[in-house]
Amino acid sequence: MIQLAAEPTPIAIEPARTALVIIDMQRDFLEPGGFGESLGNDVGLLKAAVEPCRQVLAAARKAGMLVIHTREGHSPDMNDAPPAKVERGAPSKRIGDVGPMGRILIQGEPGHDIIPELYPIAGEPVIDKPGKGAFYATNLGLILANRSIENLLVCGVTTEVCVNTTVREGNDRGFRCIVLADCCGSYFPEFHKMGLAMIKAQGGIFGWVSGSQQLLAAMSATQRAA
Ligand code: C5J
């Protein structure tokens, strides 16, 4: 058992029943010229999450934990892109338009891919999702059920959008969701803070909040005790 320091309470998680879920660490969100920047955001604000995420990913792989990556995006024909999503706001480029990293948020384009630092390795499921939540219109639930997963360690971007949506979906499906705060990021520091506050409020209404260093220390302690 990993005894993890978290808020609002510590939590014990069994590694074999736990998956690391890394949400949408895609070039389109983290690099200039992608979806995030087309909405007027400073994509540099997400960079701080990369190194803690990389350390957690390395530890999870070493421990043999299930690692799942997600990517937000749409098929090239955009049949899975609701017009209400594509038309929204006044971005400099819309989903499907051609930018410096190819068509924005379209599967198979360079911008849609995961950043090199966190690139999936063979055997790690990559979930392509058309929405903000990773359970909506995907086989994530099936993959987790087939592996008897009960706990989700959640990292990625952005804290208040796809991380929060996925945690709410996961919580409703009975998973214990633990968000690693420094492994997440937002274009809005105040949304990051409040996104985490909402999860752990009211006795952990949607889940728990911990951090990369707490997890790494707890995993090392478990390995030493074994
Ligand atoms: C957004 C996401 N922010 N991955 N997507 O549109 O959070």
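**Notes on the model**

1. Let me begin with a loop residue. Ala137 sits in the loop between strand S7 (126-129) and helix H5 (140-146). Its phi is near 60 degrees, a positive value in a residue other than glycine. Please keep in mind that this is a predicted model.

2. Met78 deserves a look as well: its phi is near 60 degrees, again positive in a residue other than glycine. You will find Met78 in the loop between strand S4 (66-72) and helix H4 (83-86).

3. Next, the cis peptide bonds. One joins Glu7 and Pro8, with omega at about 5 degrees, and Pro8 belongs to the loop between strand S1 (2-4) and strand S2 (11-13). Another cis bond links Val157 to Thr158, where omega is about -10 degrees. Thr158 is in the loop between strand S8 (151-157) and H6.

4. Val157 and Thr158 turn up again around the ligand, together with Asp24, Phe29, Phe35, Glu72, Lys132, Val161 and Cys162. A polar side-chain atom of Glu72 is 2.9 Å from a ligand nitrogen atom, and a polar side-chain atom of Lys132 is 2.8 Å from a ligand oxygen atom. Cys162 takes part through a backbone N or O atom, 3.1 Å from an oxygen atom of the ligand.

5. On to helix packing. The axes of helix H6 (residues 159-172) and helix H7 (residues 189-204) come within 9 Å and cross at roughly 15 degrees. This angle is under 35 degrees, which means that H6 is roughly parallel to H7. Their crossing is right-handed. On the H6 side the contact involves Thr159, Glu160, Asn164, Val167 and Arg168, and on the H7 side Phe191, His192, Gly195, Leu196, Met198 and Ile199. By class, this contact has five nonpolar, four polar and two charged residues.

6. Helix H3 (residues 50-63) packs with helix H8 (residues 212-225) at an angle of about 20 degrees, and their axes are 10 Å apart. H3 is therefore roughly parallel to H8. Here H3 passes H8 in a left-handed crossing. Pro52, Gln55, Val56, Ala59, Ala60 and Ala63 of H3 meet Ser212, Gln213, Leu215, Leu216, Met219 and Gln223 of H8. Sorted by class, the contact of H3 with H8 has eight nonpolar and four polar residues, and no charged ones.

Terms used:
Residues numbered from 1 in each chain as written. Predicted model: local features only at pLDDT ≥ 70, side-chain atom pairs only at ≥ 80, totals over all residues. Heavy atoms only, no water. Axes fitted to C-alpha atoms, helices over the stretch in contact; angles between N-to-C directions. Helix = DSSP H or I, 4+ residues; strand = E, 2+ residues; numbered from the N terminus. Parallel < 35°, antiparallel > 145°, perpendicular 65-115°, else oblique. Left-handed = near helix turned anticlockwise from the far one by under 90°. Contact = heavy atoms within 4.5 Å. Nonpolar A, V, L, I, M, F, W, Y, C, P; charged D, E, K, R; others polar. Near = heavy atom within 4 Å. Polar contact = N/O pair within 3.5 Å; in protein donor to acceptor, adjacent residues only side chain to side chain.
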